[in-house]
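Welcome! Here is a set of questions and answers for a reader meeting a new structure.

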Amino acid sequence: STESIIRVQSPDGMKKIPSTKRETAAAFLKKVAKEFGFNTNGFSVYQNRNKTGEIISQNKSLGLLKIKHGDMLFLFPSGAPSSSGEVMDTTTPHSSSSVQEDEIDQYLAKQDGKIYRNKDPQLCHHGALGKCVHCVPLEPFDEDYLNHLDPPVKHMSFHAYLRKLTGGADKGKFAALENISCKIKAGCEGHPPWPEGICTKCQPSAITLNRQKYRHVDNIMFENHTIADRFLDFWRKTGNQRMGYLYGRYTEHKDIPLGIRAEVAAIYEPPQNATQNSLELIDDPKAAAVDEIAAKLGLCKVGWIFTDLLSEDMRIGTVCYSRNKDSHYLSAEECITAGYFQNLHSNPCRLSRDGYFGSKFVTVVATGGPDNQVHFEGYQVSNQCMALVRDECLLPCKDAPELGFAKESSPEQYVPDVFYKDTDKFGNDVTFLARPLPVEYLIIDITTTFPKDPQYTFSSAQRFPIENRDILGETQNFHSLSTYLSQCTSTAFLGIVSDFHLLLFLVTNEVMPLRDSIGLLLDAVRTSNEDLAQTWKKFEEWATIEQLCSTVGGQPSSSLGYEAMGGPSVPSSSSAMWSCLHCTFMNQPGTEHCEMCSLPRS
């Protein structure tokens with residue numbers, strides 16, 4: 001088998017890969033990956049420059065594929081964004097197959113989306129099977145139709161927008177979604193780098209802000225009122241503001257053609273410092289675990305929520321606006337935070353060269369309404385705002401919360417000019433420099449609703465304490481678990497464990513964290529399967545947890561729950577694990593001094 005050299009051309013240059021006729025395509029692609037520094041699914045290799053004749057990772061030899069010494073192959077990187085969110089500048093749209101779009105997007109892409117209309121009795125003068133201009137199906141992006149809905153829809157759905165782009169005679173062959181970049185393009189050779197030099201090739205374009213025509217999410221729905229009420233409880237009890245992450249799923253929103261709804265099943269409250277008028281997030285060591293548990297429950301992070309409430313009269317439970325209802329819905333600071341979150345959760349998209357475009361991450365504000373009750377207002381910021389935030393071009397105005405400010409260029413950073421259009425007092429269209437800029441140009445509002453018939457992904461009737469509320473004296477520990485279980489005596493086991501906050505505690509607590517076996521329990525909750533839950537209950541982990549509860553519960557009153565549940569009856573003091581009163585370490589049965597701090601048991 002004689003050695004042959006195959007040339008591989010890529011956007012980063014050409015490399016020569018030694019191989020043999022008998023070598024399999026799979027082995028050859030591994031060599032290519034190593035040589036170019038990709039992982040094996042980070043690229044595709046074709047025999048022709050126009051992306052035909054793809055070489056698939058398989059056991060066929062290169063000889064069989066008719067690839068011989070001296071041949072040139074063409075490598076195109078897949079469209080996954082590189083980790084820093086930098087844009088890979090490959091000048092060819094990539095093969096769409098490499099981007100794994102969200103399930104809801106895959107589903108909507110296959111739907112017809114047309115708006116079907118019945119024969120109009122006044123205007124249609126044709127037979128039952130005919131169609132005329134008054135009854136022919138409308139396109140999902142038909143603006144007249146959307147404006148005449150009640151209430152009118154100002155933004156078409158993102159998938160309707162994609163249909164608009166890919167419609168027409170060329171079927172969108174040249175349609176591509178471009179992510180905006182506010183950064184100087186790297187690698188320009190003809191002049192010294194900024195601040196000494198810049199040219200038209202590397203300079204980012206100026207940005208004129210316009211109100212976005214489409215939105216990535218068309219509706220936000222909380223499954224039931226309990227989720228929102230429990231979240232608001234924190235503010236009711238402390239007067240301090242609160243934020244949480246919304247976990248749920250994206251589903252079809254049928255009220256608008258090809259619409260997407262974010263359904264909220266639970267709110268996770270990360271560690272934070274809050275006062276009556278400020279919120280600061282702290283590093284959360286459990287963040288990855290929460291995402292992982294949610295994923296196993298079929299949920300993902302769909303957005304964030306924060307309170308913005310001032311109580312007007314605690315006794316009758318009314319609240320007043322803390323934001324000026326006429327000037328702004330979100331402050332510039334909040335827009336920037338929303339943009340930051342949306343950039344973290346970008347939307348996988350085949351029509352973009354970078355493999356992602358926009359975001360489905362939503363923002364919900366719990367604030368006072370005109371009737372002095374709490375209202376939930378949903379928003380996203382535009383893709384233009386996301387780009388300004390990602391490239392650090394947008395600042396809040398110190399003294400006016402409803403105004404943002406586009407940074408000025410400095411020796412450290414070039415910032416493109418940002419403009420917005422408005423009408424002056426004579427009704428003329430005028431372009432203004434966005435210093436300052438009204439944030440309404442960046443905001444898209446999203447209707448937020450509760451269903452007539454509440455739904456429950458988590459069906460527990462009792463309430464396990466919510467995480468990170470120690471300031472309220474509500475803590476997640478085996479003592480609170482013991483109390484919780486003693487309240488659930490008559491409930492089936494699935495009903496007891498079907499609580500998002502309880503499941504988080506079982507996985508992330510420090511004394512007895514459940515790792516490997518929890519998958520089965522999460523499956524049981526996800527599929528509402530009592531038999532699976534009962535199977536899991538027989539594992540030794542649950543016995544240990546009951547043991548821990550009965551130890552800290554200790555009083556006969558709280559133990560009745562267990563015996564009723566078929567748990568072990570409370571053991572006498574010598575045969576149970578015990579928690580040290582001084583350092584809370586869990587000690588083995590039959591010991592009188594704490595292993596950790598050596599202090600006596602009593």
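Q: What makes the sheet with the order 6-22-23 an open sheet, and how many strands does it have?
A: In this predicted model, the open sheet has three strands in the order 6-22-23, with mixed pairing. Its edge strands are strand 6 (207–209) and strand 23 (429–433), each of which pairs on one side only. Neighbouring strands here are turned by 35° against each other on average, direction ignored. Strands are DSSP runs of E with at least two residues, helices are runs of H or I with at least four, and both are numbered from the N terminus.

Q: Which strands form the closed barrel?
A: Seven strands form the closed barrel, running 8-10-9-13-18-19-25 with mixed pairing. Neighbouring strands of this sheet are turned by 35° against each other on average, direction ignored. Helix 5 (residues 225–238) packs on the sheet, and its direction makes about 45° with that of strand 10. Among the strands that helix 5 touches are strand 8, strand 9 and strand 13.

Q: What joins strand 8 to strand 10 and to strand 25?
A: Four bridges join strand 8 to strand 10 (residues 259–268), in parallel. Three bridges join strand 8 to strand 25 (residues 443–449), also in parallel. Met221 stands opposite Glu263 in strand 10 and opposite Thr449 in strand 25.

Q: What covers the two faces of strand 8: are its residues buried or exposed?
A: Asn219 and Met221 on one side are buried, and so are Ile220 and Phe222 on the other. Buried means under 20% relative accessible area, exposed means over 50%, and partly exposed lies in between (1.4 Å probe, protein chains only). In a regular strand the side chains alternate between the two faces of the sheet.

Q: Why is Lys66 called exposed?
A: Lys66 has 68% relative accessibility, so it counts as exposed. Lys66 sits in the loop between strand 3 (43–46) and strand 4 (72–77), and has a positive phi of about 60° although it is not a glycine.

Q: Why is Leu258 called buried?
A: The relative accessible area of Leu258 is 6%, so Leu258 is buried. Leu258 is in the loop between strand 9 and strand 10, and its phi is near 60°, a positive value in a residue other than glycine.

Q: Why is the pair of Phe341 and Phe361 called tilted?
A: The ring centres are 5.7 Å apart and the planes stand at 45°, so the pair is tilted. Rings of Phe, Tyr and Trp (its six-membered ring) pair if their centres lie within 6.5 Å; planes under 30 degrees apart count as stacked, over 60 as edge-to-face and the rest as tilted. Phe341 lies in helix 7 (residues 332–344) and Phe361 in the loop between strand 17 (356–359) and strand 18, 20 residues apart. Both Phe341 and Phe361 are buried.

Q: Where is pLDDT under 50?
A: pLDDT, the predictor's confidence in each residue from 0 to 100, stays under 50 over residues 80–95 and over residues 555–573. Where pLDDT is low, the predicted coordinates should not be read in detail. The mean pLDDT of the chain is 84, and 89% of its residues reach 70 or more.

How values were computed
Residues are numbered from 1 along each chain as its sequence is written. This is a predicted model: local features need pLDDT of at least 70, side-chain atom pairs count only at pLDDT 80 or more; totals for chains, interfaces and linings use all residues. Side-chain values use heavy atoms; hydrogens and water are left out. Two strands pair if DSSP finds at least two bridges between them. Contact means heavy atoms within 4.5 Å. Axes are lines fitted to C-alpha atoms, for helices over the stretch in contact, and angles run from 0 to 180 degrees between N-to-C directions.
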